[in-house]
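Open the model in your viewer and keep the selection tool at hand.

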Amino acid sequence: MKKPTLRSVAAEAEVSVATVSQVLRGVGRISEDTRERVLNAAKRLNYVPDGRAASMRSGEVREVGLLVHNVANPFNAEVVSGVTDFLDSQGYLASVLDSRDDATRQRRQIELLVRSARAGLMWVPARDTPADTVALLHTHGVPNVTFLRHAAGHAADHVGIHNRAATRLATTHLADLGHRCIAYLGGNLDVESRLDRITGYREIMAERNLAQPIIWPCDDSRKAGMQAFQQLHVAHPEVTAVVCNGDMIALGATLALARAGLRPGLDVSVVGFDGIEEAALAAEPLTTISIRPYQLGQTLAETLIRRIRTPAAPHAELLVHGELITGATTNTLHQSAAG
């Protein structure tokens with residue numbers, strides 16, 4: 001079947017190509033009867049305007065790129081949902097790509113977006129993003145917003161999290177419940193966001209004169225969190241609470257506790273980070289630092305659209321504050337848990 005064109009719609013509606021073009025663009029003085037005939041003909045033929053041709057005529061592109069790490073992570077999935085919902089309301093589409101935190105792969109994907117002339121880019125810079133990747137965006141004048149991490153030497157809009165304040169909040173919550181031996185569980189790279197979170201955790205441990213900090217790395221997944229907590233519990237049985245680098249790690253930790261015949265909150269307290277929907281729906285609803293990922297995605301998309309529409313505006317940095325959501329996985333320290 002041949003792809004429908006303006007000419008085939010015109011033949012179907014028995015009008016001129018110029019009339020079809022005017023109806024579909026909403027311009028010209030067209031009778032209501034003619035307008036309905038054209039629209040009905042377009043619907044019968046499943047006609048969709050050629051966006052590339054329209055972009056060439058108007059100079060406006062309605063597609064943008066979103067470059068993240070690990071699209072399968074529920075946090076990223078909720079961010080993507082917020083991004084695409086906001087873009088849809090503005091008449092834009094997003095191409096979602098996964099760099100896997102690989103700077104070389106990231107470069108290839110950004111080159112692809114530049115070649116396909118996307119209107120803008122939202123991206124989480126990969127660890128050790130080189131200067132030539134930043135230069136590529138500057139050279140081609142690509143409107144872009146960094147997300148969660150900054151790119152060294154790159155002046156751009158940024159949407160992120162007050163990571164340090166968030167883990168201060170989480171650690172303070174546990175200290176207020178009487179916990180003294182609190183570990184930090186998760187993350188395996190010395191990236192900006194994790195380092196800031198660990199800094200907040202360390203600060204409260206020192207300010208409250210708690211036990212020596214314990215940093216236990218692992219990947220950001222439920223399986224990794226479960227395995228890492230099992231190892232942590234064997235190596236440091238004195239730990240009565242953990243601050244986790246993400247909700248998936250925290251959910252893995254609660255699973256490890258259950259398999260050991262222990263209960264989160266009663267035996268070991270667990271605090272997550274993200275506020276994904278799954279955290280609230282778990283059998284033991286997770287205590288977490290919520291940064292509302294769906295709304296964060298909407299903020300990210302809104303920031304990019306603003307940059308596209310007002311390219312000369314000063315750069316903005318928008319950092320969201322985490323909110324402590326108390327679930328069933330934290331509780332006052334019991335003497336039995338303390339040792």
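**Stop one: α1 and α3**

Select helix α1 (residues 6-13) and helix α3 (residues 32-44). Their axes come within 9 Å and cross at roughly 120°. Axes here are lines fitted to C-alpha atoms over the stretch in contact, with angles from 0 to 180 degrees between N-to-C directions. Helices are DSSP runs (H or I, at least four residues), numbered from the N terminus.

This is a predicted model, where local features need pLDDT of at least 70, side-chain atom pairs count only at pLDDT 80 or more, and totals for chains, interfaces and linings use all residues. Residues are numbered from 1 along each chain as its sequence is written, and side-chain values use heavy atoms, leaving out hydrogens and water.

Next, show the side chains between α1 and α3. On α1, pick Val9, Glu12 and Ala13. On α3, pick Arg37, Val38, Ala41, Ala42 and Arg44. These residues make the contact (heavy atoms within 4.5 Å).

**Stop two: α10 and α11**

Now select helix α10 (residues 222-235) and helix α11 (residues 247-259). They pack at an angle of about 50°, with axes 7 Å apart. That makes α10 oblique to α11. Their crossing is right-handed. Among the contact residues, find Phe229 on α10 and Leu255 on α11.

Technical notes:
Helix = DSSP H or I, 4+ residues; strand = E, 2+ residues; numbered from the N terminus. Parallel < 35°, antiparallel > 145°, perpendicular 65-115°, else oblique. Left-handed = near helix turned anticlockwise from the far one by under 90°.
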